[in-house]
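Work through the exercises below with the sequence and the model at hand. Each task is followed by its solution.

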Amino acid sequence: NMNISSIIVKTRPEHYDAVWLNLQESPLCEVHFGDKEKGIIIITIEGENVEEEIEKLTQIEQMPFIISADMHMSYCEEELEKMKEDIDLNKTVEELNTEKKAEEIQYFGSLKGKY
């Protein structure tokens, strides 16, 4: 049973590309998205337990140009599976469309406005 945590990594915008590449090539984590202007990169780490995750987080914090790496959310695999089960994948697009008006849906295509 794995623990999965999302981490918010902060760096300076001028070091963003180097940090992104270092994280991408690292076996410690998976890189998901970021905002170069803000110097923020969102990654996830996995571990058998919290101790293993903390160990990985500590190694990430020691990478060049990283100002901070803060754990944002932590899940265990069972919780994620439960969440997936709760999402009804059988709903059609039409059904989903009638539940919410387009103008009520908030879109965060970039991190602008999210933080």
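**Exercise 1.** By about how many helical turns are E52 and K56 separated in helix α2?

*Solution.* This is a predicted model, in which local features need pLDDT of at least 70 and side-chain atom pairs count only at pLDDT 80 or more, while totals for chains, interfaces and linings use all residues. Residues are numbered from 1 along each chain as its sequence is written, and side-chain values use heavy atoms, with hydrogens and water left out. Helix α2 covers residues 50–61; helices are DSSP runs of H or I with at least four residues, numbered from the N terminus. E52 and K56 are 4 residues apart there, so about one helical turn separates them.

**Exercise 2.** Determine what joins E52 and K56, and how accessible each is.

*Solution.* Step one: the closest N and O atoms of E52 and K56 are 3.7 Å apart, and the pair forms a salt bridge (a side-chain nitrogen of Lys or Arg within 4 Å of a carboxyl oxygen of Asp or Glu). Step two: E52 has a relative accessible area of 27% and is partly exposed, whereas K56, at 18%, is buried. Buried means under 20% relative accessible area, exposed over 50%, partly exposed in between, with a 1.4 Å probe and protein chains only.

**Exercise 3.** How many salt bridges does a search of the whole structure find? Describe two others.

*Solution.* The search finds 4 salt bridges. R12 and E14 meet in one, at 2.7 Å from N to O; R12 is partly exposed at 47%, and E14 is exposed at 52%. K38 and D35 also meet in one, at 3.7 Å from N to O. K38 is partly exposed at 35%, but D35 is buried at 8%.

How values were computed:
Helices (H or I, at least four residues) and strands (E, at least two) are DSSP runs, numbered from the N terminus.
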